[in-house]
Structure formats: C-alpha cells, structure tokens
Amino acid sequence: MAPILSVENLSKQYDSGFQALKNVNLDINEGEILALLGPNGAGKTTLISIICGLVNASSGSVKVGGFDVVADYRQTRSLIGLVPQEIALEPFQTVYDALRFTRGLFGKKNDPALLQSILEKLSLWDKKDAKTMELSGGMKRRVLIAKALCHEPRVLFLDEPTAGVDVELRKEMWQVVQQLKDDGVTIILTTHYIDEAEAIADRIGVIRNGELLLVEKKETLMQRMGQRQMRIELMTPLDAVPEALARYNLDYSADERTLTYSYEANGERTGIASLFADLSKTGIVLRDVETRQSSLEDIFVGLVEEKS
C-alpha cells in the first residue's frame, strides 16, 4: 500500500544561506499519527510549510495521495488540512460561519450535516452561533481544527496544537486527535510536549538542524534505545562504593543512601543477579529496590545531545 504522504530528498536553503532542511526523506501511512519532535529552529515548520504548499523547496519532491504538491497543487491542497500554531480567527464571525466560509474557499458545496458532525465531535455545537472573540483559548483552538477539517482532508497537520493550553484541556485534545484517527484521518503533529507524543503517537520522528535523525514506531524506539534504572536504597550509608562493585558503574547518593544501576531494557543479560550476589558478599544490607524505565523525553534529549 502506497503511503499517503511521501517526502523524497527534500532540502530548503534560504537566500541568506541558511539551510533549513537537509535531504529529508519521510513516508507516512494512511491513518497513522506521526509526532515530529525537535527543538526550536529544527525545521519542523519549514517541512510542514513545504508540504502544505506555503514555501517552495530548494530540491526534492513531496507527494500527497500520489499527487505532487507543486505540479498538482490544487489536488494536494484539497487533501491537506492545516492547524497553525498561531490563533488567527475573524473575531466577529460566528463559529458556524467560519466553517461554512472556509469550506467554500475549497469549492465545496455547503453541507450542514457535515459541519454539524464536525462541531459535535469537537464539542463546539453549542457554540455554533457564538462569535469567535467570545471563546476561550482552548475553544479557539478547537475552531481552528474544525476549520481545517471542514473540506474533508485526508491528512491533517497540527502545529503545536496544545501550546499554552492547560493540562486538562490538553488531555481532552488528545482524545479529539485519537477520534480523528479513528475516523481515518492521517495526523502529523509537532509538539514541544514529549508526553503528548508518548501518549498519542504511533511513530516518532526526531528532527534537528534540518536533518531527520530517525523515524520509528514509538514502542520500537523506546525498546531499542531505552534504559532501565534500578534504584537500591540502603539500610546504612556507605563511606564509598566498594571496589568489588566497581564494574557495575553504580551512582551513589550519600544524602539519599541509594545506589543506582543502569542497564539496557532489552539486553539479554542485565547483570542484576550478579550485582545482588556481589552486594551480599560485601555485606551491604538493602532496604528497598525500585526500577524505572527511561521515558521518551530521556531518549529525545539523548539523541539531540548526541547529534549536537
């Protein structure tokens, strides 16, 4: 099955000489959620802008639904919905009129049943007659999503959709995104909230300095690159870590009376059994033991630092 979105050897260099994208290759399958992570200035917005036809690439190609975004721009634009980071709405326009007007811009006939369905899914139907200036920030973001969906796109770009939104509303937005996926919409999400990517994405892409460092399934990435840490709380403090334990590279905290042991989460041999045996030989008495799996944030930070 051909990908719904295909990016090949895409580069972008501005007149100033700044290289915003460097030979990016990316395939996205229909119906998946891809979270694109990267620090400010990494190239996320440039990539989205080229795919959406807002910026011209220096080289390479992009196809959406099999259509080239340059040669077949009318077809590709109709397949794409974009929710920008900035909230820009006509303040005196009602929510319903905003959707109806946007749908008309794409040459689509008025479809009251569809617009009602979109507004209901986004919990906006009771606000259909409200002017956008009367809405809260979270509601305005929902209106942006509704506007992006009203011409029935197959691919939806969400550029920092929960920026500045409180934690409770962010989780509500995650539910909205999951519902859109269930409806068959392909979603590309850029976010600074790594827990957001960890919660809702099928695959994770990491971009830095215009280079796409990797794109992998979330579970595969966390299994391949994740580490576990075992935190061992001691009954009595140590003056120093015994020489017999040196090969385990333990981190010792005198204040907390803890030893921390790091090991590969998917390693065939963790070394835990031999560590406990050596701890017993040294006479160290344990009070408690707990383990922690490294998070996607740990992996992301490690990747970015490694490539810097």
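What share of the contacts in the chain with a separation of 6 or more comes from residues 24 or more positions apart? I got 69%, with contact taken as heavy atoms within 4.5 Å.

Before going on, I noted that this is a predicted model, where local features need pLDDT of at least 70, side-chain atom pairs count only at pLDDT 80 or more, and totals for chains, interfaces and linings use all residues. Residues are numbered from 1 along each chain as its sequence is written, and side-chain values use heavy atoms, leaving out hydrogens and water.

Whole chain: I found 10 helices and 14 strands, as DSSP runs numbered from the N terminus (helices H or I, at least four residues; strands E, at least two). Of the 308 residues, 44% are buried, meaning under 20% relative accessible area, against over 50% for exposed and in between for partly exposed (1.4 Å probe, protein chains only).

Cores next. I looked up the largest nonpolar core and saw 40 residues; such a core is a set of buried Ala, Val, Leu, Ile, Met, Phe, Trp, Tyr and Cys residues joined through side-chain atoms within 4.5 Å. Its members touching the most others include Ile 118, Ile 145 and Leu 180. Helix α5 (residues 137-149) gives the largest share, 6 residues. Another core lies apart, with 26 residues, among them Leu 5 and Ile 188.

I then checked Ile 118: beyond neighbours within four places in sequence, Ile 118 is in contact with Leu 99, Ala 146, Leu 149 and Cys 150.

Last stop, Tyr 193. I placed Tyr 193 in the loop between β8 (186-190) and α7 (194-200). Tyr 193 is partly exposed at 28% relative accessible area. Its C-alpha is 8.7 Å from that of Leu 37, 156 residues apart along the chain.
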